[in-house]
Amino acid sequence: MEAYDILSVVERSSQASVIATVMEVVGHAYRKQGAIMLLMEDGSSVGSISPGCLEADLAEYRSAVWESQKPQVVEYDMRPVDDMGWGETIGCGGLIRVLLEPIAGELLVHLLAIKTSLDRGEAIQLVRTFTDGYSNTAYELLIEGEAIAAITPIRGAVAHTFCSLFAPKPRVVIFGANDDAIPLAQMAVSAGFRVVVADWRDTFCTVERFPGASTVVAFPERLINEIKLNNQDYVVVMSHQFQKDADFVNKALGSPLRYLGIMGSRQRTEKMIEGLERPDWLHYPIGLRIGSEGPVENAVSVLAELISIRRGVNRMGERSSSLIVEQDVHGYDRW
């Protein structure tokens with residue numbers, strides 16, 4: 001589950017909840033540093049930081065953390081080879097340190113502010129400064145890339161900071177609200193993308209047809225201004241009407257994008273983009289070659305390509321060091 005979805009629950013819920021954050025991972029682990037989950041008052045949880053083996057144990061700490069209104073760090077060490085208790089279920093052999101914090105007061109205010117920033121498409125950092133172990137915690141929000149201020153220990157105490165970077169969900173813009181766009185929009189939403197479906201036909205482009213997605217109705221020449229494309233957007237063109245697709249592609253190529261994929265044959269696309277610049281983020285034919293047929297399989301193919309680019313993996317399944325790999329939220333320490 002994406003951090004944005006967890007923060008949405010924080011925004012809606014009135015339960016006495018505790019947030020669990022993976023502060024440190026040594027060796028192999030199911031989730032990486034910065035992964036978060038919620039432990040709810042009613043015993044339920046939102047999100048996960050393991051395959052399911054740590055969550056029940058963490059839930060036992062929720063009441064004490066909430067009642068104390070103080071953070072607490074819990075450590076799980078699965079590295080000893082003779083520890084068979086973890087081996088059957090943990091699926092990893094590393095050490096994990098988890099920070100548990102009551103969602104109240106200053107932290108609650110900052111988490112709601114983070115949600116607002118993500119709604120605007122802005123990345124933001126939450127900086128925690130700990131002194132006196134973890135009993136005294138100060139919180140600060142910084143825009144992405146802004147330097148953390150120098151730490152001044154309180155009365156000689158050792159100060160320790162932990163920073164979590166929250167990034168907005170990447171956005172997929174689908175031009176063309178035909179029936180074959182429905183499974184692609186649904187899968188993209190499920191995969192953690194923000195989805196916008198754009199079309200000039202208001203009877204096709206509706207929230208009823210595309211639940212979980214935003215819809216924008218306008219002709220191609222106006223859509224670019226309405227959508228405000230940016231260099232982190234993934235755009236899929238699939239209205240199947242040549243001139244409308246061509247008009248939209250012509251406008252979209254004027255904006256730097258993360259991905260622009262055009263559905264249709266290579267010959268059709270070549271004719272469409274004749275005389276236009278062809279940046280390396282322009283993709284056609286669209287999707288990974290899995291032998292797909294029909295709307296659902298084609299949606300799987302396209303979504304697989306979007307995920308591979310999002311994660312920085314090439315078509316051979318190799319991670320490229322030259323690609324920026326998106327992460328939903330991650331953290332790092334500074335002593």
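Predicted model: local features only at pLDDT ≥ 70, side-chain atom pairs only at ≥ 80, totals over all residues.

**A walk around the chain**

Okay, let's begin with Lys228, which counts as exposed because its relative accessibility is 61%. The cut-offs here are under 20% relative accessible area for buried, over 50% for exposed, and partly exposed in between, with a 1.4 Å probe and protein chains only. Lys228 sits in the loop between α7 (220-227) and β12, and its phi is positive, near 60 degrees, in a residue other than glycine.

Residues are numbered from 1 along each chain as its sequence is written, and side-chain values use heavy atoms, leaving out hydrogens and water.

Now the overall numbers. The chain has 10 helices and 15 strands; those are DSSP runs numbered from the N terminus, H or I of at least four residues for helices, E of at least two for strands. Of the 335 residues, 47% are buried. The accessible surface is about 16400 Å², with 51% of that belonging to carbon and sulfur atoms; areas come from the Shrake-Rupley method with a 1.4 Å probe, and for residues only the protein chains shown count as cover. Take contacts, meaning heavy atoms within 4.5 Å: among those between residues at least 6 apart in sequence, 60% join residues at least 24 apart.

On to the six-stranded sheet. What is its strand order? Reading across, you get β11-β10-β9-β12-β13-β14, an open sheet with parallel pairing. β11 (214-217) and β14 are at the edges with a single partner strand each, so one side of each has no neighbour in the sheet. Pairing, by the way, needs at least two bridges found by DSSP. β13 (residues 259-262) and β14 run parallel and are joined by two bridges, and Leu260 has Leu282 in β14 as its bridge partner.

Two helices to look at here. α8 (residues 242-252) lies across β9 (171-175), β12 (234-237) and β13, at about 160 degrees to β12. α10 lies across β9, β12, β13 and β14, also running at about 160 degrees to β12. Those angles run from 0 to 180 degrees between N-to-C directions, using lines fitted to C-alpha atoms, for helices over the stretch in contact.

His240, between β12 and α8, has a positive phi near 70 degrees and counts as partly exposed, at 42% relative accessibility. Over in the loop between β14 and α10 we find Pro285, and the peptide bond from Tyr284 to Pro285 is cis, omega near -10 degrees. Ile290 is in the loop between β14 (282-283) and α10 (294-310) too.

Last stop, the other strands. β1 (residues 18-26) runs antiparallel to β2 with four bridges, and Val18 has Leu39 as its partner in β2. β1 also runs antiparallel to β5 (residues 95-102), this time with eight bridges, and Val26 stands opposite Leu95. Ser44 is in the loop between β2 (36-39) and β3 (45-47). Leaving out residues up to four places away in sequence, Ser44 touches Leu38 and Leu39.
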